[in-house]
Each structure stands twice: as structure tokens, then as C-alpha cells.
Amino acid sequence: MTSSIASPASPRGTLDRAALREALIGSVTKLSPRTAARNPVMFTVAVGTVVSAAFTLRAAFTGLPFGYALAVTLILLLTVLFANFAEAVAEARGRGQAQSLRSTRAELSARRVRADGGEEVVAATALRRGDRVRVYAGEAIPADGDVVEGVASINEAAVTGESAPVLREAGTDRSGVIGGTWVLSDVIVVEVATDPGDSFLDRMIALVEGASRQKTPNEMALTVLLAALTIVFLAVVATLPGQAAFVGAHADTVLLIALLVCLIPTTIGGLLPAIGIAGMNRALKANIIAKSGKAVEVAGDIDVLLLDKTGTITHGDRRATLFIPVGDVRDADLRDAALLASLADPTPEGKSIVQLARERGSVIEEKSGEFVPFTAQTRMSGVNLVGGRQLRKGASDTMRSWASDHAMAVPADLSTVVERIARAGGTPLVVADERRVLGVVALSDVVKHGVRERFAQLRAMGVRTVMITGDNPLTAAAIAAEAGVDDFMAEARPEDKLRRIRDEQTGGRMVAMVGDGTNDAPALAQADIGLAMNSGTQAAREAGNMVDLDSDPTKLLAVVEIGKQLLITRGALTTFSLANDVAKYFAIIPAIFAGSLPALGALNVMHLHSPVSAVLSALVFNALIIPALIPLALRGVRVRPMSAEALLRRNLLIYGAGGVLLPFVAIKAIDLLLSPFVGG
Amino acid sequence: MSIFLAFGLAVLLAWPLGRYMAVVMQGRASRLDVVFGPVERLIYRALRVNPEQGMDWRAYALAFLGSNVALFVIACTVFLTQAWLPLNPDGIPNMSWHTALHTTMSFLTNTDQQHYSGQTQLSYFSQMTAIVTLQVLSPVMGLAALVAVLRGMLGGRNAATSREGEPRDLGNYWADMTRATLRVVLPMCLLLSLALTWQGVPATFSGAHQGTPLDASAGMAKQVIPVGPVSPMVAIKQLGTNGGGWYGPNSAVPLENPTPLSNFMEVVSIPLIPMACIFMAGAFVGRRRFTMLIFAVMGTLCVALTTLAVTSEQQPNAAARGLIADAPNMEGKEQRFGAVDSALWAAMTTQVNNGSVDAMHDSMNPGAGLSTMSAMLINMIWGGIGCGMLGFLIYMWITAFVCGLMTGRTPEVFGRKLETREIKLLSALLVLQPIALLGLTAFTLSVPSITGNSNPAFHGLSQVFYEYTSAYANNGSGFAGLASGTAWWDMSCFVVLALGRFPAVLIPLAVAGSLAAKRAAPAGNGTLRVETPTFGFAMLAVIVLFALLSFMPVLVLGPIGEWLSLSAHSIR
């Protein structure tokens with residue numbers, strides 16, 4: 001707690017002057033009863049303030065001393081304002097973040113494609129779902145949608161902050177475009193996917209704004225518990241005068257209100273809305289657009305994560321990693337043959353073979369010949385050199401039939417080599433010429449850097465990872481082992497994904513799924529968390545309940561963390577708030593009865609200066625702790641990947657034990673500061 | 001010393017008993033079926049119930065309520081007409097309407113708070129039929145409810161065949177009641193009753209004896225010594241966490257508790273079945289560590305509060321200060337038991353929710369008063385049969401909610417999520433206790449004409465608060481010193497008794513029913529397990545915070561204030 005509470009908000013979180021003013025105004029406008037009634041704890045404080053103010057006025061008009069009551073009233077008012085300020089700050093930040101995204105598309109114009117094929121220029125705000133717009137190089141895309149014609153490179157820096165251009169192409173799984181991004185080359189036709197005001201971004205903005213913000217299920221349950229505690233303490237305080245009168249003591253109403261406000265969980269009550277909004281903000285900051293606050297919260301409950309192998313766990317492009325000659329072929333012969341066969345090959349695999357051969361010292365020059373490209377019919381590629389030499393490379397079974405066509409013997413060790421490579425997760429590419437089989441090039445899918453560590457972190461948090469791949473079981477097992485996933489599904493078809501999700505859910509587990517293709521849409525919809533890549537198709541983005549603007553599948557880890565952080569922050573501050581009550585009792589109870597029951601003075605263990613300063617100190621602490629914890633509420637309690645048991649022990653120690661001790665110290669300190677100004 | 005022996009023996013006996021109870025309540029076949037099977041079938045036929053018929057939580061709750069209403073009407077009628085009924089050799093008149101209502105509710109709720117003196121206000125018939133029947137059945141009802149809740153926490157008996165959201169079978173109420181009564185409670189009562197009779201507790205139908213005191217200075221020409229079939233009632237009183245004795249002064253009367261051996265047997269039997277419930281729960285859910293968690297939490301609170309009570313009673317009574325140098329507080333105690341054993345009994349009887357007393361709690365030092373009141377406010381340190389464990393589960397759910405949040409997952413217990421509906425139900429229970437206790441205490445204190453306190457100030461407040469706390473906790477022990485047989489006390493306690501019993505049974509049933517229908521998540525590394533020292537510690541903190549924070553002011557104005565003012569005087 002020490003570091004997290006005391007340190008100021010992170011630099012990205014600091015408010016500019018305008019936002020601060022907005023938040024200050026917000027904290028006053030939120031005093032309106034309708035807004036205040038949404039939060040039972042703070043509403044109670046507000047009512048207490050009004051009652052206390054009435055007593056102050058009565059005392060003032062009847063000529064009685066009223067300074068004490070006035071001080072109590074003012075501190076109570078501050079408590080309410082601080083709580084409102086916390087919510088307003090969170091809203092202002094969220095609005096700021098969302099607006100900066102939204103402003104990029106303000107006042108854009110669009111070339112709408114008319115039914116007859118012609119174009120008309122309209123304002124972006126006039127576009128409706130289903131409209132088609134043509135966007136030329138150098139123009140901004142006016143709305144979210146799908147590329148339906150053409151291919152273009154697009155700069156998404158305005159939305160994602162990533163400056164490298166991305167490729168978007170019609171009819172592929174990378175056809176989605178975001179409004180406000182710029183087309184760098186070519187021309188595309190985009191079908192608009194949302195009506196104005198209904199884009200993901202608009203929905204996200206609504207989520208952070210108080211009025212339309214819906215409480216998430218856990219937040220609702222906690223609100224109920226906090227309301228119950230408020231009622232309990234109301235009963236405690238309301239019945240106190242009757243009991244006190246019996247033992248011959250008088251309890252002052254203003255003091256009773258002070259006691260009530262100190263006892264009810266104002267700290268968590270005041271910060272609860274801010275915590276929820278801040279969670280959405282953090283998601284937004286991570287460039288994730290959640291369609292509901294619930295989705296973010298549920299992410300913390302995830303038990304199983306399904307990931308597509310390609311593009312998520314591996315880079316997706318296979319790279320040559322090894323040349324293995326067969327029979328009596330020499331290393332260099334295989335290497336040079338593979339190089340020649342790939343020189344004109346434009347695929348990443350071909351290029352990686354050339355690169356590997358050069359690294360292995362091949363100095364052979366380019367020879368003229370006729371490139372034989374890969375086709376679905378031949379399923380091999382290669383080169384017919386001038387001079388009649390024919391070099392081919394292809395999958396093992398294809399090359400075996402090539403060998404039998406050319407009546408050559410297949411070396412005995414070929415199948416062993418091929419199988420060994422496959423088992424290791426590689427793809428064997430057999431190289432041959434028209435006379436003999438030369439050897440095998442091992443292509444390996446390279447596991448992304450850092451993925452293994454991320455999965456280990458997820459495992460520590462109790463999330464199991466399942467890799468989904470169309471590869472054969474051997475390859476899949478090897479990559480699974482290398483990436484450190486807990487389980488894998490080989491030769492998976494789209495319907496297998498859906499079935500797997502249903503099976504896991506029947507077993508009681510919460511499932512997250514990352515996907516981008518149209519055929520992923522059912523699985524994304526079925527999963528408890530469907531994280532769609534923004535680069536994916538519109539169908540996928542509609543089916544998921546979150547969209548990742550960066551299209552980075554490992555982002556799910558961040559989402560899980562944000563979800564957990566939300567709950568932990570709420571739980572920790574609830575514990576803290578309740579634990580604080582112990583010290584407040586010791587401050588206020590002896591103070592209330594100081595006059596009539598001096599024996600209770602023994603309970604004044606903090607040796608507070610006087611009853612007046614004791615009550616004021618407890619109240620001041622109660623009020624100040626809210627703004628002091630705003631940074632923590634906005635940033636969230638730090639989540640480390642550790643077991644639930646360890647996490648609980650740590651948080652209990654910091655927020656439970658700390659929550660008991662801190663107010664003793666703080667109230668005593670405030671009392672020392674106040675004592676010169678209040679009478680004995 | 002003997003009390004530690006007794007406690008240890010109780011734990012040792014509770015272990016096999018708990019396992020036996022698990023077998024009985026799970027309805028597993030056993031060799032005893034030959035004996036009990038035919039009797040049970042006879043009862044099922046008489047009640048016209050099918051013991052195999054599963055009940056969801058609503059049906060179970062309705063059956064529970066229905067049986068309570070029926071028993072209430074029957075018992076109350078007996079008390080109101082006992083003068084005309086047989087077996088009334090001492091010619092005891094009918095009970096007043098309000099005392100009858102209060103007495104019925106008190107025994108129906110396993111409280112046995114007595115606003116009358118049994119030997120002079122109840123006929124043998126009333127004691128033997130109405131009182132004993134309620135004393136047998138009311139603890140069994142608690143046990144049945146606990147078993148149903150445990151089933152619900154595991155998804156109900158039809159968990160394997162049901163889909164998410166479908167109502168779950170929490171068992172058959174009538175079968176649970178019948179099996180628990182016939183196979184657990186009655187055989188044990190028979191054994192203890194025989195043993196007590198052997199030790200000299202009366203078991204007779206003859207009327208009261210008369211004698212002439214040897215010491216004429218006692219100012220009594222003749223002494224009437226009421227007897228009757230006392231020993232069966234004492235057996236069920238102690239075994240069934242009832243506490244309502246045959247005689248007004250309860251177990252302090254030699255006829256209820258004649259010898260050291262009888263005292264030992266009674267002390268062993270007080271916590272026996274509540275402890276057995278803990279072992280049963282562990283066996284029921286198939287987790288031995290769950291039993292350990294419960295024992296650790298309850299044991300810690302037990303040791304803390306018992307130490308407080310004993311330490312306090314070893315101090316001299318403030319009223320006698322200066323008279324007897326450094327003697328322990330013997331005011332209001334039986335010479336036979338002494339200060340330490342009486343304090344231990346007081347701590348035990350309020351924790352176990354038994355409520356039988358062998359010393360006047362009113363005369364104890366404030367520390368012991370604080371200990372006994374705290375035990376009843378927490379009301380789950382061993383607790384009543386079934387109800388103590390239900391109280392434990394309530395605190396466990398609330399702790400799991402707060403702690404679950406702190407581990408970053410939607411809180412869950414045994415894989416089932418605690419959501420708004422469950423928290424709403426539990427919150428209702430949280431709110432009810434302070435409103436009922438504090439509200440009535442404040443009201444009663446403000447209208448002194450109806451209270452009839454024997455003491456002013458701190459101690460007087462303690463008396464009133466203790467009475468309601470004891471009623472709400474369904475404990476039944478009295479602080480004494482109140483004119484408690486009045487219409488006001490009878491009727492206000494009547495309400496508190498009902499509030500302390502029925503919501504505490506029905507709400508856990510509703511929570512269990514709602515949890516049962518949820519999909520259960522298997523435990524993983526990220527799930528919070530309840531059977532850990534960390535969780536046990538968190539639970540202790542929650543219990544102390546929730547139970548005692550709400551009652552801190554009233555305790556300050558009662559026992560704590562008394563304590564502080566006494567020590568302030570002694571310094572002077």
C-alpha cells in the first residue's frame with residue numbers, strides 16, 4: 001500500500017487543466033439528489049450533511065455556540081464532494097481518452113457510392129449501416145466497416161498509435177477498417193458497418209459516462225453489501241440515544257451523525273464508481289474497446305484461453321532452419337540445390353531458404369532458367385535451369401510421386417528424416433532434381449518471443465491456455481511444448497472450436513477466445529470473452545464482446561489483468577474501509593460520552609486532545625482518505641501473477657492489517673495538528 | 001481440569017458420531033436398517049409422505065415451516081389447557097396466554113428461554129409431551145436444514161443429471177427429520193437418561209415431596225420438593241442444545257445435576273452433537289480440511305472468549321471488595337462448582353447455544369458478561385445443532401465474497417459463484433440482527449415501566465440486552481434480574497425468538513438453493529480455496545468486525561462501561 005497510495009498518479013494519468021475544471025464542476029453538479037441516490041452510502045452522508053446543517057442553523061439562530069456543528073457540517077460536505085470528485089475525475093479521464101479517438105473522425109467527408117456506381121460527397125455523420133464509400137490514397141476512412149473491394153495499405157496510427165502501415169484486403173480475414181484511419185495507397189471500397197453514434201467507440205464512451213453506465217454484476221453485489229452495512233450502522237446510531245439515556249448519558253445529534261458517517265463504508269462507497277470507470281479507462285488505454293463493463297470484469301474470471309496458433313503463438317510464416325541431406329548427398333549440394341530452387345520464389349518460405357543457404361556459405365550465382373511456381377495442382381515449386389536440370393521442392397508425399405514419375409529410388413533414410421522434422425514441429429520440404437532425391441529442408445514455425453513467459457504468468461493466475469491449430473498432431477504437440485501451452489487441439493476445424501468451448505463451459509469453466517476470421521464468429525459469440533482482432537472481419541468484431549484495436553492476440557493477458565484489478569481494487573478498499581472502523585470507534589465513542597460517562601475515557605487509547613478534536617480528527621481522516629486513495633482507485637491495485645492464496649494473503653496484510661493500523665496513526669496525527677485550534 | 005477432559009472427550013466422541021450422522025443423513029444403507037427401517041416406513045405412511053421424493057429449496061422450506069406451524073398449535077394448546085389434562089398431580093393451573101405463546105415459540109426455536117419456573121408452572125403432561133417433543137424435534141429441524149444446505153452447496157442430489165438453472169433436489173424434509181430423530185437423537189437420549197437416573201436424577205410420575213427443614217431459622221415451616229420424570233428431559237436438554245430444564249434454576253439444582261459424574265456427563269453432552277455436525281459436514285462435502293477450517297475458526301473464538309470469562313471470574317466481585325481478600329467471584333454460584341467451573345460452564349453454554357445455566361450470569365463480573373454476550377452475538381462458536389453450522393456458513397459466504405474480490409475473481413464457494421441474489425439474502429440477515437436487538441433494547445430501556453429492571457445504569461442495560469440477545473441467538477440462558485414473565489417481555493421475546501430462528505434457517509436454504517442451480521467451476525490455481533489458514537484468519541476478522549462492530553456501542557454502554565467504571569472506582 002505504501003507505494004501505491006502515496007505515489008502520484010502515473011504521468012499518463014495526470015489531468016490537464018480543462019479536465020480538472022470539468023471534474024471540479026462535476027463534483028458539485030453530482031450533488032443533485034437524483035445522481036446522489038445511485039450510491040446509497042454517499043447518499044446517507046449527504047442526508048447527514050443536511051441534517052447537521054439544519055442543527056447548525058438552529059444553534060446559530062437561537063444564539064447557541066455553533067462552531068463545532070458548523071465544522072462537522074463542512075467536513076461532511078467535503079466528504080461528499082471528494083467522493084463526487086473521484087467519480088468526476090475518472091469520467092473526465094475516460095471521456096478525454098475516448099474523445100481523442102473520436103475527434104480523429106470528426107468532420108470527415110465521404111464519397112458515397114450511389115446505386116448507379118457514381119459517387120457523391122456526403123458528411124461522415126450522414127453515413128448509415130450498409131452504405132458503401134470509396135476511399136482513395138491520402139484520404140481518411142469515414143466510418144468503421146469492411147473492405148469489400150480492393151486492397152490498400154492503411155495508417156492506423158491515429159487510433160492505435162502504431163505507425164507501421166497495415167494491409168487491409170477485401171474478402172480476407174483482414175478486411176476490417178476503423179473510421180479515422182488513413183489510406184496510404186490504392187483505392188478501396190468500404191461497406192459501413194455502424195450507424196452514427198453506434199460505433200464501438202461511441203458505446204465505449206457511453207460506458208465511462210455516469211448517466212448510461214450500468215453497474216456490473218460484482219459491483220451490484222458489493223453495492224448491496226455496502227448498503228446493508230450502512231443500514232446496520234444506521235440502526236446502531238439511531239438506537240444509541242435511547243440506550244445512552246438509560247445509563248444517564250446524553251448523545252448530541254450532530255455527534256451521532258459524525259459517528260454514523262465515520263462508521264459507514266464511505267471510503268469504498270465514495271470510490272466505487274471511480275474504480276469501475278477507471279477499469280474501462282485502462283481497457284481503453286490498452287487499445288481495447290469493450291462492449292460492456294461486464295465483459296471487462298468477467299475477463300478476471302477466465303479459466304481457459306483458446307488461441308489460434310498462427311499469428312498468435314507463432315509468427316505464422318515458416319522459416320527454413322536446417323538442411324538435412326539424404327542418401328549419399330553432400331551438405332553443400334543440397335544447400336545449393338535448395339537455393340537455386342528458391343531464388344525466384346517470392347513466398348516467405350522461399351526467401352527464408354535463400355537466406356539460410358547464404359548464411360551457410362553458399363556462393364552460387366543466380367542462373368537463368370524458368371521458375372515453376374507453386375500451384376494447387378502440382379503442389380510443388382522449383383526451377384527448370386537452362387541446361388535441363390530440374391529442381392523441385394515440395395511436401396514429402398508430393399515429392400515421392402515426383403520420384404516415382406522419374407523412376408528414381410527413394411533413399412531409405414528419407415522417411416525417418418521427414419518424420420523427425422515433423423515431430424519437432426517443423427514442416428519438412430523435400431528437395432529433388434530429376435535424377436535423385438537430395439534431402440530435406442526443415443521449415444519451422446518460430447514461436448514468438450516472450451509468449452512462453454506470458455503463458456506462464458497466465459498459468460500462475462490459474463488460466464489454462466489451449467492452442468488451436470490446423471496442423472497435424474505431431475507438429476502441434478511440438479509447438480505446444482515449445483510455447484508452453486497447457487493443451488492443444490490439432491487438425492481443428494471451426495466447428496471443433498465451438499464444440500471445445502461448449503465442453504469447457506459445461507465443465508463449469510469460463511472461456512476466452514481470440515479470433516479474427518468470419519468462421520471464428522460463432523466461437524467468439526459462444527465464449528464468455530470473445531476478443532476480436534480489429535483487423536478481422538466485421539462478423540468477428542460483431543460476435544466478440546471486445547475488440548482489440550492493435551490486433552495483438554496476446555492482449556488478452558492485459559484484459560485478464562484489468563478484470564482482476566477491478567475486483568481486487570474493490571475488495572481491497574472494502575476491507576480497508578471496514579478495518580478503519582476499529583480506530584474510529586476508539587476515537588469517537590469516548591468523545592461522545594466524555595461529559596456524562598467519564599469512565600469511558602479509558603477507551604481513549606490514542607490520548608486524543610479533547611472530545612471535540614477527537615471527533616473532528618476522525619471525520620477529517622474519513623474525508624481525506626477518499627482523495628488520498630483516488631490515484632489508487634484510478635490505477636488499480638497492482639496485480640502480480642500469483643496464486644489466489646498468495647494474493648489474498650498479501651492483500652489482507654496490506655489492506656486489512658494496514659486498514660486497522662493506519663487510522664490510529666493518522667487520526668492521532670490530525671489531532672496533534674488540530675489541537676491548537678480547538679478548545680479543551 | 002475436568003472441563004478440559006470433558007471437552008477433549010466431547011471432541012473424541014463427536015468424530016465417530018459425525019461420521020455416523022453423515023451415513024444416516026446421506027441415506028446410505030446400513031446394518032441398522034433392520035431395526036429402524038420398519039419404524040420409519042410406519043411413520044412415512046402415517047405422515048403420507050414418500051421419503052424418496054426430492055424437494056427443491058422452496059418445497060423444503062415450506063415443509064419446514066408447515067411442521068413448525070403444526071407443532072406450534074399443538075404445543076400451545078397443551079400449555080393453555082394443562083389444568084384439565086391428565087398427569088397433573090400437583091394441580092398446576094393453565095398457563096397465561098402470553099407465557100404460553102412465548103414458551104411454545106421458545107421451545108420450538110430450540111431456544112428454551114424460560115419465563116416461568118418449570119416445576120411450578122408446567123404439569124407433568126406438558127413437560128413430557130409438549131416440552132420434550134419440541135426439545136427433540138427442534139434440534140433435529142436445525143440438523144435437517146443444515147443437511148439440505150450442504151446438499152445444495154454441492155449442487156443438490158440431482159447435480160449429475162440437471163442442467164444449469166434447473167431446480168435442485170435438496171433432499172426430503174420428512175425423511176431427514178425421521179432418520180435424524182430415530183437414528184441419532186433418541187438413542188443418545190436414552191443412553192444419557194439411563195446414566196443420569198443411575199446417578200440420582202428423578203424419574204418418577206409421583207407428585208412433589210414434602211419435608212420439614214431441620215434448620216428452623218430458614219423461616220420455612222414446610223419445604224416442597226418437586227420431582228417428576230426429570231432425567232429424560234435433562235438428557236434431551238443437554239444433548240439437543242436446548243437448555244430448558246425441569247427446574248427454574250436449571251442445572252444448579254442438585255436434582256438435575258446431583259454428582260460430579262452427572263455434571264461431567266452433562267458437560268460432555270452439551271457440545272457433543274454440534275461438534276459432530278462439524279465432522280458430519282466435512283464427511284458430507286468430502287473434504288476433511290473443511291472440518292479442520294471449522295474447528296480452527298470456532299476453536300479460536302472459543303478459547304478467546306472462554307479465557308475472558310474465566311479470567312474475569314477469578315477476580316473478586318466488586319461488591320465484595322474489601323471483604324474477602326482476593327477471592328474469586330462466588331456471588332450467585334453453587335458452592336459445589338466454584339468460580340472457574342461456573343465460568344467455564346457459562347462460556348460453554350452460551351457458545352454451544354445450549355442455554356442451561358449452573359450459576360447466575362447476572363452476578364458475574366462484567367468481563368464474563370461481555371464474553372457470554374459476545375458468544376451469543378456471534379452465535380456460531382459450536383452453536384446450536386445445525387444452526388451453529390448454518391451460522392458458520394453465513395459468515396463463510398460473506399468472507400468468501402470479500403476475499404474472492406481480493407483475489408480478482410467473482411467470489412465463489414465450492415466452485416459456485418456468489419452473486420447479487422445471494423448477497424441480497426445474506427445482507428437481509430446481516431441487517432436483521434442489529435435492528436431487532438438494538439431497536440428493542442433501546443425501546444425497552446426508554447419505557448422503564450415495562451422492563452422491571454433490578455439494576456440501573458450499565459448493568460441494567462446489560463440485563464435487557466442479554467435477554468434479547470439470548471432470545472435472538474436461540475440460546476435461552478437468562479441474565480436474570482428482569483421481571484420476565486410480563487406480557488411485554490413474553491411478546492417482545494416471542495418476536496425476537498422467531499426473528500432469530502426462521503430467517504437464520506430459511507435464508508441459508510434459499511442461498512443454497514440458488515447456489516445449487518449454478519454451474520460449478522472446477523478449482524484451479526486462481527480460485528480461492530476456503531480450506532486454508534489465510535481464509536480461516538480472514539473469517540475470524542470478518543466475524544469480529546461484523547458481529548462486534550455493530551454491537552460495540554451497546555457493549556460499551558453495558559459490560560465494558562461497567563468494567564471500566566468498576567476499575568475506575570477501585571483505583572480511587
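What share of the 680 residues in chain A is buried? Buried residues make up 52% of chain A. The views below come from a predicted model.

**Figure 1. Overall build of chain A.** Chain A holds 23 helices and 22 strands. Its radius of gyration is 34 Å, well over the 26 Å that the globule rule gives for 680 residues, so chain A is more spread out than a compact globule. Along the principal axes, the C-alpha atoms of chain A fill a box of roughly 115 × 60 × 45 Å. Among contacts in chain A with a separation of 6 or more, 69% join residues 24 or more positions apart.

**Figure 2. The largest nonpolar core.** This core has 365 residues. Helix 21 of chain A (residues 556-592) supplies the largest share, 21 residues.

**Figure 3. Surroundings of A:L619.** Which residues does A:L619 contact, leaving aside its neighbours within four places in sequence? They are A:V72, A:I75, A:A258, A:V261 and A:C262.

**Figure 4. Helix 10 against helix 11 in chain B.** Helix 10 spans residues 288-313 of chain B, and helix 11 spans residues 338-351 of chain B. Their axes come within 9 Å and cross at roughly 145 degrees. The crossing is right-handed. From helix 10 of chain B come B:C302, B:L305, B:T306, B:A309, B:V310 and B:E313. They meet B:A339, B:V340, B:S342, B:A343, B:L344, B:A346, B:A347 and B:Q351 of helix 11. By class, this contact has ten nonpolar, three polar and one charged residues.

**Figure 5. The side of chain B that touches chain A.** Here 56 residues of chain B are in contact with 58 residues of chain A. Five helices of chain B each supply at least two residues to this side: helix 13 (387-406), helix 14 (420-446), helix 16 (457-472), helix 18 (533-549) and helix 19 (552-571). Which helix of chain B gives the most? Helix 14 does, with 15 residues. By class, the side of chain B that touches chain A has 32 nonpolar, 19 polar and five charged residues.

Terms used
Residues numbered from 1 in each chain as written. Chains lettered and ligands numbered in written order. Predicted model: local features only at pLDDT ≥ 70, side-chain atom pairs only at ≥ 80, totals over all residues. Core = buried A, V, L, I, M, F, W, Y, C linked by C-beta atoms within 7 Å. Buried ≥ 20, exposed ≤ 12 C-beta atoms within 10 Å, placed from the backbone. Helix = DSSP H or I, 4+ residues; strand = E, 2+ residues; numbered from the N terminus. Contact = placed C-beta atoms within 7 Å. Axes fitted to C-alpha atoms, helices over the stretch in contact; angles between N-to-C directions. Left-handed = near helix turned anticlockwise from the far one by under 90°. Nonpolar A, V, L, I, M, F, W, Y, C, P; charged D, E, K, R; others polar. Rg over C-alpha atoms; globule rule 2.2 N^0.38 Å.
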